[in-house]
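Colleague: Please take one part of this chain and walk me through it closely. I'd like to hear what it packs against and how it sits in the whole.

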Amino acid sequence: SAASDVYKRQILKWISGPVLRVETGPDSFHRQEIHMATKGEQSRQRILEASRSIILESGIGKLSHGAIAEVLDISKSAIHWHFPTKDDLLKALIDDYLEHLQAEEKRHETPFIASGLSPEDAVLPAMRLWYLDFRENRAGWVGLGSQLLSLSSRHPALVEPIRAWYK
């Protein structure tokens, strides 16, 4: 029953810590798969979120392990544990940005493809729709992308995955 499923989820949260995703399986028993963020995954995400905030507020030039440590009130060595170098941190930010681009592309193309357009024909109207979303830019992705692309002159290989996606 629905009430027992809610109860089970509450117990699992209490026993296991934060639940990121609960999926109902296709079988008749509604098997539940629980994905829990480890403490390390949570720390890594907090570091990336703080990094994005620093970039958006002060520019990519101000991003450093020390600046992140100050924002999160943790040691620099904790940052270095997850991202030994600034390039490692930038690569992770680029990976997140690329995941965002791919998800947004799919989100905007899906309705046009569902209405009968081919994937090739769905690109232009999807991009128009996506462009209109730029005005809202609530999460700051436009600014983050611009800042990451600004690294092109100093670190062309680092930003090549972004440039390749835009091609």
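Modeller: Helices here are DSSP runs of H or I with at least four residues, strands are runs of E with at least two, and both are numbered from the N terminus. By that count the chain has 8 helices and 2 strands, arranged along the sequence as α-β-β-α-α-α-α-α-α-α. Keep in mind that this is a predicted model, where local features need pLDDT of at least 70 and side-chain atom pairs count only at pLDDT 80 or more, while totals for chains, interfaces and linings use all residues. Residues are numbered from 1 along each chain as its sequence is written, and side-chain values use heavy atoms, leaving out hydrogens and water.

Of the 167 residues in the chain, 27% are buried (under 20% relative accessible area with a 1.4 Å probe, protein chains only; exposed is over 50%, partly exposed in between). Take contacts (heavy atoms within 4.5 Å) between residues at least 6 apart in sequence: 50% of them join residues at least 24 apart.

Leu93 counts as buried because its relative accessibility is 0%. Not counting residues up to four places away in sequence, Leu93 touches Leu48, Ser51, Arg52, Ile55, Leu63 and Leu148. Leu48 is 45 residues from Leu93 along the chain, yet their C-alpha atoms are separated by 6.7 Å.

Now for the helix neighbours. α5 packs on α7 (residues 141-149) at an angle of about 135°, with the axes 11 Å apart; axes are lines fitted to C-alpha atoms over the stretch in contact, and angles run from 0 to 180 degrees between N-to-C directions. So α5 is oblique to α7, since under 35 degrees is roughly parallel, over 145 roughly antiparallel, 65 to 115 roughly perpendicular and the rest oblique. The crossing of α5 past α7 is left-handed (the near helix is turned anticlockwise from the far one by less than a right angle; clockwise is right-handed). On the α5 side, Leu90, Leu93, Ile94, Asp96, Tyr97 and His100 meet Trp141, Gly145 and Leu148 of α7. That contact has 6 nonpolar, 2 polar and 1 charged residues, where Ala, Val, Leu, Ile, Met, Phe, Trp, Tyr, Cys and Pro are nonpolar, Asp, Glu, Lys and Arg charged, and the others, Gly among them, polar.

With α6 (residues 119-133), the axes come within 8 Å and cross at roughly 120°, and α5 passes α6 in a right-handed crossing. The α5 residues involved include Leu101, Glu104, His108 and Phe112, and those of α6 include Pro119, Val123, Trp130 and Asp133. By class, this contact of α5 with α6 divides into 10 nonpolar, 1 polar and 5 charged residues. Glu104, also in α5, is buried, with a relative accessible area of 15%. Beyond residues up to four places away in sequence, Glu104 touches Trp130 and Asp133.
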